[in-house]
Amino acid sequence: MSDREIECWLTDMDGVLVHEDRAIPGAADFLRRLADRERRFLVLTNNSIYTPRDLAARLARSGLELPEGAIWTSALATAQFLDDQHPGGTAYVIGEAGLTTALHEIGYVLTDTKPDYVVLGETRTYSFEAITKAIRLIGEGARFIATNPDSTGPSQDGPLPATGAVAAMITRATGRDPYYVGKPNPMMFRSAMNRIEAHSEMTAMVGDRMDTDVVAGMEAGLRTYLVLTGSTSRADIGRFPFQPNHVMNSVADLIDLI
């Protein structure tokens, strides 16, 4: 697949389009070109706290105009996965509105009484009581799902424990590993492609992390573009046993490929 044959685009959000709530130079032009050329695309994020509407408002404050339907979160991917696996099921959820709303919209009932699943997402305040409840429900037979494996998340004061760290605590207590739906599981990319009716042979993934965006894009059969405006530096790339198809300084360098 040559660059000119790319019809659909998936792109990460943080580190590609925004950095600490500021738009990365070229991001607005990149999104505008996708819209002008009528390319099918989705912006992906492992963040399960916010709904697409919340995230669209956040991007708008950064100067990036994006319809909420163009945002695909790990919460939405998790809800889609559960709807495919066990339609109309029940779940005990640790998470925020992004996750609970997504599960409500597929018809799931949220309960702490004999749920089919325990679903762990990201939250600003993890409750020890809720974690204890999750451990007991998994011990009683509930299946364990987590939105994403990220162990820490950013804050103004430094790293915060995130979904993967709390999942490790639950795993240690139960002996049960969760099924992670979000990146780097290529399942998230496949669900995103299904959403926009894209084929892997003609879809590209733009990301700033080798260990999530690039590896998952590669495993999903996409052309991968690594941008150097986020987590991965040029010096880091050679340390990985896999490589992106292309390395770009920023998303601004991709505009002419659309």
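Across the interface of domain 1 and domain 2, three residue pairs are in polar contact, both residues of each pair being at pLDDT 80 or more. A polar contact here is a pair of N or O atoms within 3.5 Å; within protein, one must be able to donate a hydrogen and the other to accept it, and residues adjacent in sequence count only if both atoms are side-chain atoms. Salt bridges between the two domains number zero, the term requiring a side-chain nitrogen of Lys or Arg within 4 Å of a carboxyl oxygen of Asp or Glu. The model is predicted, with local features needing pLDDT of at least 70 and side-chain atom pairs counting only at pLDDT 80 or more, while totals for chains, interfaces and linings use all residues. Residues are numbered from 1 along each chain as its sequence is written, and side-chain values use heavy atoms, with hydrogens and water left out.

Domain 1 covers 8-46 + 184-257 and domain 2 covers 81-180, bounds that come from an automatic or database domain assignment. Their centres, taken over C-alpha atoms, are 27 Å apart. Four residues from domain 1 and six residues from domain 2 take part in the contact, defined by heavy atoms within 4.5 Å. Together the domains bury about 410 Å², of which 46% is on carbon and sulfur atoms; buried area is the accessible area (1.4 Å probe) that two parts lose on being put together, summed over both. On the domain 1 side, Asn46, Asn185 and Met187 supply 84% of the area buried against domain 2, more than any other three residues.

Asn46 sits in the loop between β4 (40-45) and α2 (52-61), where helices (H or I, at least four residues) and strands (E, at least two) are DSSP runs, numbered from the N terminus. Asn46 is buried, at a relative accessible area of 7%; buried means under 20%, exposed over 50%, and partly exposed in between (1.4 Å probe, protein chains only). The side chain of Asn46 makes a polar contact of 3.1 Å with that of Asp150. A polar atom of the Asn46 side chain also lies 3.0 Å from the backbone nitrogen of Lys183. Beyond four places in sequence, the contacts of Asn46 include Ser74, Asn148, Pro149 and Met188.

The C-alpha atoms of Thr11 and Asp213 are 8.6 Å apart, although 202 residues separate them along the chain.
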